[in-house]
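Open the model in your viewer and keep the sequence panel beside it. Each stop below tells you what to select and what you will find there.

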Amino acid sequence: MTVEKEDRQRHLPAGRKAQLAQYVADAGQVTVAALAAKFGVSIDTIRRDLDQLSADGVLVRTYGGAVSLSTVSRADRAIDQRLALQAQEKETIGGLAASLVEDGMILVINGGTTALAVARNLRNHRDLTVATNNLLLPGALPPSVVRDVYVFGGAVRFVTQATVGPVSLRAAGGGELDISCDLALIAVGAVAADVGYSTSNLAEAAMMREMASRASRVAILADSSKFGRRLFAQVSELGSADYLVTDSMPPDDLRQALEDNGVELLTPETRRGS
């Protein structure tokens, strides 16, 4: 291919998208403005390209730009970055997870930004008791929804705005009280057929496992970018959950493994089919 032909190819949409995807992969995180200047096209064109690449699963769209999939998988991203990632998918998961909740329930909810989407979707519920290690969750819960809110003590991980410690609460006179709940809503970092659910931090994994052990039912929350991945610390095997709540149907191998382990899939597709 001649230099002139290569130059023409760069300006074709398909050629530009391929180069754009590679550039984002190499850079890790980019802004729309920087990409428009780099490729000599309008900001609107770059936005359309990024939207398409995000829909194709090549990168993750964020407010004002995009990040590579490798960047998304890095542990301990700052909370403001995580809020921007997979925002629509998290909102979908939040609505589906809220459908499992009944008025008067006792809920245990872990840290993470997906949990905040659940909180927003509980606005039509009443008389809930919520226990969490998520420091942002109490402020995200509509006041009319809850009877009581408890935050588990422990060390604060500022990067995730969550505490890490025992899943217990102290009585006024001292001493720890054992707790149990109707439903645990546990957001995880990865879901794989062979290893189950995992996350990037060992202490958080232990806490999530303990939260699940206190619940009559367990719902794992994970968007589709988490499928087929394994992170450092295993939370539990697939069969430990009653539900996997996600934004789209998993690949066939994971779907079959979930079915074999008695885990009910909750997705927009299964909701439409019910």
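Two strands pair if DSSP finds at least two bridges between them. Strands (E, at least two residues) and helices (H or I, at least four) are DSSP runs, numbered from the N terminus. This is a predicted model: local features need pLDDT of at least 70, side-chain atom pairs count only at pLDDT 80 or more, and totals for chains, interfaces and linings use all residues. Residues are numbered from 1 along each chain as its sequence is written, and side-chain values use heavy atoms, with hydrogens and water left out.

**Stop 1: the sheet of three strands**

Select β12, β13 and β15. They form an open sheet in the order β12-β13-β15, with antiparallel pairing. Its edge strands are β12 (190-192) and β15 (233-236); each pairs on one side only. From one strand to the next, the twist averages 35 degrees. Angles here run from 0 to 180 degrees between N-to-C directions, and axes are lines fitted to C-alpha atoms, for helices over the stretch in contact.

Now look at β12 and β13 (residues 196-199). Three bridges join them, and they run antiparallel. Which residue in β13 is the bridge partner of Val191? Pick Tyr197: that is the partner.

**Stop 2**

Keep α10 (residues 202-213) selected. It also lies across β4 (106-109), β11 (181-187) and β14. It runs at about 155 degrees to β11.

Those strands belong to an open sheet of seven, in the order β6-β5-β4-β11-β14-β16-β17, with parallel pairing. The edge strands are β6 and β17 (264-266), each pairing on one side only. The twist averages 20 degrees from one strand to the next.

Zoom in on β14 (residues 215-221) and β16 (residues 243-245). Three bridges join this parallel pair. Ile220 stands opposite Leu244 in β16.

**Stop 3: a buried helix**

Select helix α8 (residues 113-120). Is it largely enclosed or open? Seven of its eight residues are buried, so it is largely enclosed by the rest of the structure. Among them are Thr113, Leu116 and Val118. Buried means under 20% relative accessible area, exposed over 50%, and partly exposed in between (1.4 Å probe, protein chains only).

**Stop 4: salt bridges**

A salt bridge is a side-chain nitrogen of Lys or Arg within 4 Å of a carboxyl oxygen of Asp or Glu. By this rule the count is ten.

Select Asp49 and Arg16. Their side chains meet in a salt bridge (2.7 Å, N to O). Asp49 lies in helix α4 (residues 43-55) and Arg16 in helix α2 (residues 13-27), so the pair ties together parts that are 33 residues apart in sequence. Asp49 is buried at 4% relative accessibility, and Arg16 is buried at 9%.

Next, pick Lys226 and Asp223, which meet in a salt bridge (3.0 Å, N to O). Lys226 is buried at 12% relative accessibility, as is Asp223 at 2%. Elsewhere, salt bridges that share partners join Asp127, Arg147 and Asp148 into one network.

Finish with Arg147 and Asp148. Their salt bridge is 3.8 Å, N to O. Arg147 is partly exposed at 45%, and Asp148 is partly exposed at 32%.

Note on methods
Contact = heavy atoms within 4.5 Å.
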